[in-house]
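The report below describes the overall build of one protein chain and then turns to its opening segment.

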Amino acid sequence: MEPFLDTLTIELGLDPEIYRNPASFIATVRAEISGQILRRALEKLGGKQIFARALNTDATGLENYCRAIRLDRGKSEIVLDTIRVWIRIQQIWESGQLAESWIRSNVPALGGLRPLELFDTYEGRRWVIQVIEKIECGEFS
(Lines give C-alpha, C1' and ligand atoms only; values in the text may rest on other atoms or scores of the structure.)
Protein backbone atom coordinates (compact mmCIF):
# COMPACT_ATOMS: atom_id res chain seq x y z
CA MET A 1 0.00 0.00 0.00
CA GLU A 2 1.16 3.48 -0.65
CA PRO A 3 2.87 5.71 1.94
CA PHE A 4 -0.09 8.15 2.05
CA LEU A 5 -2.43 5.41 3.23
CA ASP A 6 0.11 4.14 5.76
CA THR A 7 0.58 7.63 7.18
CA LEU A 8 -3.15 8.30 7.33
CA THR A 9 -3.86 4.95 8.95
CA ILE A 10 -1.26 5.64 11.64
CA GLU A 11 -2.73 9.12 12.21
CA LEU A 12 -6.10 7.48 12.79
CA GLY A 13 -4.54 5.28 15.48
CA LEU A 14 -4.56 2.10 13.42
CA ASP A 15 -1.91 -0.37 12.31
CA PRO A 16 -1.35 0.10 8.55
CA GLU A 17 -1.35 -3.68 8.18
CA ILE A 18 -5.14 -3.79 8.54
CA TYR A 19 -5.60 -2.72 4.93
CA ARG A 20 -2.89 -5.02 3.58
CA ASN A 21 -3.53 -8.14 5.59
CA PRO A 22 -7.03 -9.59 6.04
CA ALA A 23 -5.96 -11.37 9.25
CA SER A 24 -4.90 -8.02 10.72
CA PHE A 25 -8.18 -6.41 9.67
CA ILE A 26 -10.17 -9.22 11.28
CA ALA A 27 -8.09 -9.07 14.47
CA THR A 28 -8.69 -5.32 14.71
CA VAL A 29 -12.43 -5.80 14.25
CA ARG A 30 -12.48 -8.52 16.89
CA ALA A 31 -10.57 -6.30 19.31
CA GLU A 32 -13.14 -3.56 18.65
CA ILE A 33 -12.03 -0.03 17.85
CA SER A 34 -12.59 3.04 19.99
CA GLY A 35 -14.90 5.85 19.06
CA GLN A 36 -11.80 8.05 18.88
CA ILE A 37 -10.81 6.31 15.65
CA LEU A 38 -14.14 7.31 14.14
CA ARG A 39 -13.69 10.88 15.43
CA ARG A 40 -10.20 11.11 13.90
CA ALA A 41 -11.50 9.70 10.60
CA LEU A 42 -14.20 12.36 10.49
CA GLU A 43 -11.66 15.09 11.28
CA LYS A 44 -9.10 13.93 8.71
CA LEU A 45 -11.36 12.58 5.96
CA GLY A 46 -14.65 14.38 6.37
CA GLY A 47 -17.66 12.51 5.08
CA LYS A 48 -19.99 12.74 8.08
CA GLN A 49 -22.93 11.77 5.89
CA ILE A 50 -21.08 8.73 4.61
CA PHE A 51 -20.25 7.44 8.08
CA ALA A 52 -23.74 8.26 9.36
CA ARG A 53 -25.26 6.38 6.43
CA ALA A 54 -22.93 3.41 6.94
CA LEU A 55 -23.78 3.26 10.64
CA ASN A 56 -27.50 3.86 10.01
CA THR A 57 -27.63 6.89 12.28
CA ASP A 58 -27.87 10.68 12.30
CA ALA A 59 -25.46 13.42 13.46
CA THR A 60 -26.36 12.88 17.13
CA GLY A 61 -25.86 9.13 16.89
CA LEU A 62 -22.56 9.65 15.08
CA GLU A 63 -21.36 11.88 17.92
CA ASN A 64 -22.39 9.20 20.42
CA TYR A 65 -20.34 6.64 18.51
CA CYS A 66 -17.37 9.03 18.56
CA ARG A 67 -17.58 9.20 22.37
CA ALA A 68 -17.82 5.42 22.78
CA ILE A 69 -14.97 3.70 24.57
CA ARG A 70 -15.43 0.72 22.26
CA LEU A 71 -17.61 0.12 19.24
CA ASP A 72 -18.95 -3.41 18.99
CA ARG A 73 -17.55 -5.73 16.33
CA GLY A 74 -20.23 -4.94 13.80
CA LYS A 75 -19.80 -1.18 14.11
CA SER A 76 -15.99 -1.53 14.18
CA GLU A 77 -16.07 -3.44 10.90
CA ILE A 78 -18.41 -0.91 9.30
CA VAL A 79 -16.21 2.02 10.34
CA LEU A 80 -12.98 0.36 9.18
CA ASP A 81 -14.50 -0.68 5.85
CA THR A 82 -16.01 2.77 5.31
CA ILE A 83 -12.61 4.36 6.00
CA ARG A 84 -11.07 2.07 3.37
CA VAL A 85 -13.70 2.90 0.74
CA TRP A 86 -13.78 6.64 1.45
CA ILE A 87 -9.98 6.92 1.27
CA ARG A 88 -10.04 5.07 -2.05
CA ILE A 89 -12.68 7.40 -3.47
CA GLN A 90 -10.69 10.45 -2.38
CA GLN A 91 -7.52 9.00 -3.92
CA ILE A 92 -9.22 8.43 -7.28
CA TRP A 93 -10.75 11.90 -7.42
CA GLU A 94 -7.58 13.48 -5.94
CA SER A 95 -9.76 15.95 -4.06
CA GLY A 96 -12.07 15.71 -1.09
CA GLN A 97 -14.39 18.20 -2.77
CA LEU A 98 -14.61 16.22 -6.03
CA ALA A 99 -15.10 13.00 -4.05
CA GLU A 100 -17.94 14.62 -2.06
CA SER A 101 -19.56 15.77 -5.30
CA TRP A 102 -19.26 12.32 -6.90
CA ILE A 103 -20.82 10.44 -3.98
CA ARG A 104 -23.87 12.72 -4.22
CA SER A 105 -24.23 12.27 -7.99
CA ASN A 106 -26.39 9.71 -9.73
CA VAL A 107 -23.93 7.23 -11.24
CA PRO A 108 -25.16 5.19 -14.23
CA ALA A 109 -22.74 2.35 -13.41
CA LEU A 110 -24.50 2.07 -10.03
CA GLY A 111 -27.91 1.71 -11.61
CA GLY A 112 -28.44 5.47 -11.38
CA LEU A 113 -28.00 5.45 -7.61
CA ARG A 114 -25.82 7.87 -5.70
CA PRO A 115 -22.77 6.17 -4.13
CA LEU A 116 -23.77 7.68 -0.77
CA GLU A 117 -26.96 5.61 -0.86
CA LEU A 118 -24.92 2.38 -0.95
CA PHE A 119 -22.74 2.87 2.12
CA ASP A 120 -25.28 1.24 4.43
CA THR A 121 -24.39 -2.28 3.28
CA TYR A 122 -21.17 -4.18 2.79
CA GLU A 123 -22.19 -5.20 -0.73
CA GLY A 124 -23.05 -1.59 -1.56
CA ARG A 125 -19.58 -0.45 -0.48
CA ARG A 126 -18.03 -3.25 -2.60
CA TRP A 127 -20.05 -2.11 -5.61
CA VAL A 128 -18.83 1.47 -5.14
CA ILE A 129 -15.22 0.20 -4.98
CA GLN A 130 -15.71 -1.81 -8.19
CA VAL A 131 -16.98 1.28 -10.00
CA ILE A 132 -14.15 3.43 -8.63
CA GLU A 133 -11.60 0.89 -9.86
CA LYS A 134 -13.18 0.99 -13.33
CA ILE A 135 -13.02 4.78 -13.30
CA GLU A 136 -9.35 4.56 -12.35
CA CYS A 137 -8.71 2.25 -15.29
CA GLY A 138 -10.53 4.64 -17.62
CA GLU A 139 -13.43 2.29 -18.37
CA PHE A 140 -15.94 5.07 -17.60
CA SER A 141 -16.37 8.24 -15.59
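The protein chain holds eight helices and zero strands, where helices (H or I, at least four residues) and strands (E, at least two) are DSSP runs numbered from the N terminus. Its radius of gyration is 14 Å, close to the 14 Å of the globule rule for 141 residues, so the chain is as compact as a globular protein of that length; the radius is taken over C-alpha atoms, and the rule is 2.2 Å times the number of residues to the power 0.38.

This is a predicted model, in which local features need pLDDT of at least 70 and side-chain atom pairs count only at pLDDT 80 or more, while totals for chains, interfaces and linings use all residues. Residues are numbered from 1 along each chain as its sequence is written, and side-chain values use heavy atoms, with hydrogens and water left out.

| Property of the protein chain | Value |
|---|---|
| Accessible surface (Shrake-Rupley method, 1.4 Å probe) | about 7400 Å² |
| Residues that count as buried | 43% of 141 residues |

Buried here means under 20% relative accessible area (1.4 Å probe, protein chains only). In helix H1, which spans residues 3–11, Leu5, Asp6, Leu8 and Thr9 are buried, and the buried residues of H1 pack against helix H3 (35–45) and helix H6 (73–93), contact meaning heavy atoms within 4.5 Å. Just after H1, Gly13 takes a positive phi of about 90 degrees. Across the protein chain, among contacts between residues at least 6 apart in sequence, 62% join residues at least 24 apart.

Notes. Buried means under 20% relative accessible area, exposed over 50%, partly exposed in between (1.4 Å probe, protein chains only).
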